[in-house]
Amino acid sequence: MNQNKTILVLGAGIAGVTTAIGLKKLGFNVKIFYKPRPFIAYEGFSEKTKDGLISSSCLKASLLLKEQSMRNSNWASNSKNVNYEYVVCRANLDEALLKDAKDNSIELIESRVIGAVDCSEEKPKITYKIDEKKIEISADFVVDARGRFTPFKDEYLSGPKSFSLLQELEMDNLSQNRTSIDSTKDGWIWQAYVGNKKGYIQFTCDEELAVKINDFDELLKILKEQKAEFWSLQNAKPVDKIVKRDSFSKIHKEIINTKMILIGDSASSIDPLSGNGAFQAMSMSSIAPYVINTIINKSEIEQKVAIDFYKSRVQFIFDKFSKVGKEFYSLEKRYTSDFWQKRQNWPNEKTSDSKKLPRIEEKAVVTESYIFAQDVIITKDNPMGVWCYGKIEVVDLAKYCLGNKLEKSLEYFDEFCKKNSLSMGLYNSLKRWCIEQEILV
Ligand SMILES: Cc1cc2nc3c(=O)[nH]c(=O)nc-3n(C[C@H](O)[C@H](O)[C@H](O)COP(=O)(O)OP(=O)(O)OC[C@H]3O[C@@H](n4cnc5c(N)ncnc54)[C@H](O)[C@@H]3O)c2cc1C
């Protein structure tokens, strides 16, 4: 059904490639336009990011998340925390993602996309450049996944202006890979040893301080004023120039219409302190193909459900991780500089859901191909609503339990499980969930 419909994906980072593969699986003709990342950066990824890559068929990329490094967290004067993370060079990840796209038969066009997506005509159009030649192309839909490089005409909402200074290092050999994170007077510092005498230091601070740092020596001067164990700088030499990246939280106002969608950092990006940027991008790309499929193939009413669903999901993810960032910053009580004060007070608390919980509400849900509206159960732990527990539809069960006394509800629950031939394990876990979510009370 979708073979004669073409979708252009701009950018081949995690968001672009995982969305492109999802669209290809729905039968669309997909072309990715990408340009290589112009700087070296290392990032730390969690187990759930690895799982996300595997479930998005990015198998070559997932293989780079092989061995975890031990991470010492010296945050808010607490230096006892140790955890683990996969440290990956983004250039290697980008290369593996391109191979994954190729393995999924996606056409790749190395080029620089210029300007914003043009939605003024019936079909969306982009302009890209190969060497000095400018080319225009229109398609049935455009996915903009150019990350923080996506150009915008619209307004966006943002948190305090943080910038990160990144420096790759040549350092002494260490017996094993390691990382550390330190909170300091004017920001926070992530250091990594990644093997083969290669190290990395990333200092995140306020825009006002970042403008004063333009090379390695200026970075060292500022770091001297910060109290931390700079183990990565012992006998270290800089490799290439220092890189400055904007790293503040932001969310754009127009992230979707009937012709284009923004995905990943392009739609909303979060403070890297949360360490969840890649996962956040995949939270969007896991639903975007169904949203696009609904926009392209369904009626206006259904398109609106899909668009509203995507907007609310992106907002929900943004709010969730912004709150996590604020909680982390608020743990630090030693420093009172502007850097800490601004981040401890952003974002403003949102009024929480004051309606009765649990309750039944009509909301958009994702099926194997489309988004559509249907009754879901909103509970304290599922504010976006659920309609299935695993593969079992539980809305009717919840409706009955919420409308009847416990004794009758328990009887109905047993009948329901019998009728659906649930194993004892599933029976117990569903019952536990219903009790925890106050459906069975
Ligand atoms: C300093 C810093 C540290 C971070 N650390 C972590 C971390 O430790 N863990 C974590 O999970 N997240 C981290 N993040 C966040 C993470 O980098 C992003 O959330 C994630 O990369 C988002 O993926 P994306 O695909 O949306 O964008 P990107 O990965 O930025 O991909 C965008 C792609 O579009 C391409 N592109 C851009 N412009 C054009 C153009 N004009 N034409 C064609 N192609 C173009 C780029 O080359 C790139 O391939 C960090 C972010 C920053 C700023």
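This is a predicted model: local features need pLDDT of at least 70, side-chain atom pairs count only at pLDDT 80 or more; totals for chains, interfaces and linings use all residues.

Visitor: Why is helix 8 called roughly antiparallel to helix 9?

Guide: Take the angle. The axes of helix 8 (residues 288-297) and helix 9 (residues 300-330) cross at roughly 155° and come within 8 Å. Angles over 145 degrees count as roughly antiparallel. Therefore helix 8 is roughly antiparallel to helix 9.

Visitor: Which residues of helix 8 and helix 9 meet?

Guide: From helix 8 come Ala288, Val291, Thr294 and Ile295. From helix 9 come Glu302, Gln303, Ala306, Ile307, Phe309 and Tyr310. Sorted by kind, the contact has seven nonpolar residues, two polar and one charged.

Visitor: Where does Lys129 sit, and what makes its link to Glu132 a polar contact?

Guide: Lys129 lies in strand 8 (residues 125-130). Its side chain comes to 3.3 Å from the side chain of Glu132. The cut-off for a pair of N or O atoms is 3.5 Å. The 3.3 Å pair is within that limit, so it counts as a polar contact. Leaving out residues up to four places away in sequence, Lys129 also touches Ser111, Arg112, Ile114 and Lys134.

Visitor: Which residues come nearest to the ligand?

Guide: There are 32 residues around the ligand, and Lys35, Glu43, Gly44, Arg90 and Asp265 come nearest.

Visitor: How do you know that Arg90 has a polar atom by an oxygen atom of the ligand?

Guide: Look at the distance. A polar side-chain atom of Arg90 is 2.8 Å from an oxygen atom of the ligand. For Glu43, again with a polar side-chain atom, the value is 2.9 Å. Ala278 uses a backbone N or O atom, at 3.0 Å from a ligand oxygen.

Visitor: How do helix 12 and helix 13 cross?

Guide: Their crossing is right-handed. The axes of helix 12 (residues 406-419) and helix 13 (residues 424-436) come within 11 Å and cross at roughly 145°. Helix 12 brings Leu410, Phe413, Asp414, Phe416 and Cys417. Helix 13 brings Tyr427, Leu430, Lys431 and Cys434. Seven of these contact residues are nonpolar, none polar and two charged.

How values were computed:
Residues are numbered from 1 along each chain as its sequence is written. Side-chain values use heavy atoms; hydrogens and water are left out. Axes are lines fitted to C-alpha atoms, for helices over the stretch in contact, and angles run from 0 to 180 degrees between N-to-C directions. Helices (H or I, at least four residues) and strands (E, at least two) are DSSP runs, numbered from the N terminus. Angles under 35 degrees count as roughly parallel, over 145 as roughly antiparallel, 65 to 115 as roughly perpendicular and the rest as oblique. Contact means heavy atoms within 4.5 Å. Ala, Val, Leu, Ile, Met, Phe, Trp, Tyr, Cys and Pro count as nonpolar, Asp, Glu, Lys and Arg as charged, and the others, Gly among them, as polar. A residue is near a molecule or strand if one of its heavy atoms lies within 4 Å of it. A polar contact is a pair of N or O atoms within 3.5 Å; within protein, one must be able to donate a hydrogen and the other to accept it, and residues adjacent in sequence count only if both atoms are side-chain atoms. A crossing is left-handed if the near helix is turned anticlockwise from the far one by less than a right angle, and right-handed if clockwise.
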